[in-house]
Amino acid sequence: MPATGPCGFPARYEGREAVRAGYRAVRGASAVRVSEVAEVAVYDTGDPEVVVGEHVVVAALPSRPAALTLPGLLVLRVRDGLVVHCRDYMDGLGLVGARGGDAVSR
């Protein structure tokens, strides 16, 4: 049985279509509705296979009238023009705060 990550989704996806389906499933299961990905920056790491991308997701929650912004970071390993490994990080505490939660007490 494959390991599961947050919210019961697989901890690992293999193959282009599995990655696409995984991102679609996570977006579909979330109340967060992304309207824009802004402030995109790409950083040279000195390793020709490793790319670091920083971005800010502008989104909305049904329970919140104002848009929220969530910083994120992608660390990609690219080989022969294909992504062979990806780490996708976001400001989880920012999302908890936007939902009105107290991240410290939960």
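# Exercises on a predicted model

Histidine 55 touches Val37, Ala38, Glu39, Val40, Leu70, Pro71, Gly72, Leu73 and Leu74, leaving aside residues up to four places away in sequence. Here contact means heavy atoms within 4.5 Å. The model is predicted: local features need pLDDT of at least 70, side-chain atom pairs count only at pLDDT 80 or more, and totals for chains, interfaces and linings use all residues. Residues are numbered from 1 along each chain as its sequence is written, and side-chain values use heavy atoms, with hydrogens and water left out.

## Exercise 1

*Solution.* 
- Start with the element: histidine 55 is in strand β2. Strands (E, at least two residues) and helices (H or I, at least four) are DSSP runs, numbered from the N terminus.
- Compare it with the cut-offs: buried means under 20%, exposed over 50%, partly exposed in between (1.4 Å probe, protein chains only).

## Exercise 2

Work out the strand order of the open sheet and find its edges.

*Solution.* 
- The order of the four strands is β1-β2-β3-β4, with antiparallel pairing. Two strands pair if DSSP finds at least two bridges between them.
- β1 (33-44) and β4 (82-90) are the edge strands, since each pairs on one side only.
- Look inside the sheet: eleven bridges join β2 (residues 50-61) to β3 (residues 64-79).

## Exercise 3

List the members of the largest nonpolar core, and say which element gives the largest share.

*Solution.* 
- A nonpolar core is a set of buried Ala, Val, Leu, Ile, Met, Phe, Trp, Tyr and Cys residues joined through side-chain atoms within 4.5 Å.
- The seven members are Val32, Val57, Ala59, Leu61, Leu68, Leu70 and Leu95.
- β2 and β3 each give two or more residues.
- β2 gives the largest share, three residues.
- Follow one member: valine 32 touches Ala59, Ala60, Leu61 and Leu95, not counting residues up to four places away in sequence.
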